[in-house]
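Dear colleague,

Please find below the structure that I am handing over to you. The notes that follow set out what was found in it.

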Amino acid sequence: MANRIFRAVVLGPPGSGKGTISARIAQSFGLQHLSSGDFVRENISASTEAGILAKTYIDKDLLVPDCVMTCLLLPRLEQMTRHSWVLDGFPRTLAQATALNDTCSLDVVISLNIPLETLKERLRHRWIHPASGRVYNMEFNPPQVHGMDDISREPLVQRDEDKPEALVARLRHYKDIAKPVIDLYRSKGILHSFSGTETNKIWPYINSLITGKIPEVQGASQTLPLHSQEQ
Ligand SMILES: Nc1ncnc2c1ncn2[C@H]1C[C@H](O)[C@@H](COP(=O)(O)OP(=O)(O)OP(=O)(O)O)O1
Ligand SMILES: Nc1nc2c(ncn2[C@@H]2O[C@H](COP(=O)(O)OP(=O)(O)O)[C@@H](O)[C@H]2O)c(=O)[nH]1
């Protein structure tokens, strides 16, 4: 665990493994895993003003507007001045990235490039526990009991927007809105892109990138691992 604060963001299209990789980073390096989807779901469950508003968009399969997302997330991040974290699902738009930039500085941005066919296949097998946002994959990380959440034992569901026909439109939308975000982080020199079809094969490269960065945050300089592509 870093003595100084370390902050990372994970970007990628739906199904690219943002949640899976962020959870591994959090576990391996003792960081807090912050997920924008979880923040939204918590606010919906607690019926906060922002949560109620966010739900009206999610029910229509729309992204939550930037002003609602920033109102939900940034105050939470501002409170976490003493914590190292990895954030997934935010920022999704340039407006969100700019607002995040005004709130805190990031050490690393990881961008996941996964082929379309792999995304389709993964999402075809993705099952979620709606109340908690816990994610399973019938091949990669199946639940202990078929169709049931490991913790609550409530039923798992598949989301309509994970179906292959919906995915192509979602991906197009992702590419349009993510490009300026990726360009911004590239121009800041903190973007690291990883390509591949298997999380387990990408993970060692991300692990060595962060291992190299955390001592840097602590003050000792280290050479970047060969495998990361600083873009
Ligand atoms: N940064 C954001 N901007 C706008 N809406 C958001 C953002 N993050 C989350 N949301 C809203 C819209 C999402 O459909 C909902 C759930 O988010 P999330 O759990 O990240 O699932 P998702 O289906 O959008 O992402 P993915 O398929 O990439 O896992 O919350
Ligand atoms: N088969 C397979 N599934 C994976 C792999 N990595 C992640 N998954 C699954 O693919 C789905 C999408 O991953 P997730 O982390 O939710 O991606 P996100 O939408 O970017 O947050 C989930 O069901 C994961 O369990 C992998 O390497 N192989």
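**Helix packing**

The buried residues of helix H3 pack against helices H2 and H4. Please keep in mind throughout that this is a predicted model. H3 spans residues 49–58, and its buried residues are Ala50, Gly51 and Ala54. These residues cover an arc of only 95 degrees around the axis, which puts them on the same side of H3. The other side of H3 carries Glu49, Ile52 and Thr56, which are exposed.

Helix H5, residues 94–103, can be described in a similar way. Its buried residues are Gln96, Ala97 and Leu100. Their arc around the axis is only 100 degrees, so they lie on the same side of H5. The cover over the buried residues of H5 includes helix H4 (66–79) and helix H7 (164–188).

In soluble globular proteins, nonpolar side chains tend to be buried together. In this model, the largest nonpolar core has 41 residues, and those touching the most other members are Ala8, Val10, Ile110 and Ile206. Helix H8, residues 199–218, gives the most to this core, namely five residues. Apart from its neighbours within four places in sequence, Ile206 is in contact with Ile21, Ile25, Ile110 and Phe194.

**The two ligands**

Ligand 1 is surrounded by 13 residues, of which Pro14, Ser36, Gly37, Val64 and Gly89 are the closest. Helix H2 (residues 36–45) provides the largest share of this shell, with three residues. Sorted by class, the shell around ligand 1 holds seven nonpolar, five polar and one charged residues.

Around ligand 2 there are 18 residues, and Lys18, Gly19, Asn137, Phe140 and Thr199 come nearest. At least two residues of the shell around ligand 2 are supplied by each of helix H1 (18–29), strand E6 (134–137) and H8. H1 gives the most to the shell around ligand 2, with three residues. By class, the shell around ligand 2 divides into three nonpolar, 10 polar and five charged residues.

**Positions listed in the record**

An unreviewed UniProt entry lists the following under "binding site": Ser36, Arg41, Leu62, Leu63, Val64, Gly89, Phe90, Pro91, Arg92, Gln96, Arg159 and Arg170. These positions are spread over 135 residues of sequence and are also spread in space, with up to 25.2 Å between C-alpha atoms.

Two of the listed positions may be considered in detail. Gly89 lies in the loop between strand E3 (85–88) and H5. Is Gly89 buried or exposed? Gly89 has 22 other C-beta atoms within 10 Å, and 20 or more make a residue buried, so Gly89 is buried. Not counting residues up to four places away in sequence, Gly89 touches Lys18, Ser35, Ser36 and Gly37.

Phe90 is also placed in the loop between E3 and H5. Phe90 is buried, because 25 other C-beta atoms lie within 10 Å. With its neighbours within four places in sequence left aside, Phe90 is in contact with Ser36, Met69, Leu73 and Gln96.

The unreviewed UniProt entry also places the feature "domain: Adenylate kinase active site lid" at residues 126–160. Over residues 126–160 the chain is 0% helix and 23% strand, and the end C-alpha atoms are 11 Å apart.

With kind regards

How values were computed:
Residues numbered from 1 in each chain as written. Chains lettered and ligands numbered in written order. Predicted model: local features only at pLDDT ≥ 70, side-chain atom pairs only at ≥ 80, totals over all residues. Near = placed C-beta within 6 Å. Helix = DSSP H or I, 4+ residues; strand = E, 2+ residues; numbered from the N terminus. Nonpolar A, V, L, I, M, F, W, Y, C, P; charged D, E, K, R; others polar. UniProt positions renumbered as here; feature names shortened; annotations may be inferred. Buried ≥ 20, exposed ≤ 12 C-beta atoms within 10 Å, placed from the backbone. Arc of directions from axis to C-beta. Contact = placed C-beta atoms within 7 Å. Core = buried A, V, L, I, M, F, W, Y, C linked by C-beta atoms within 7 Å.
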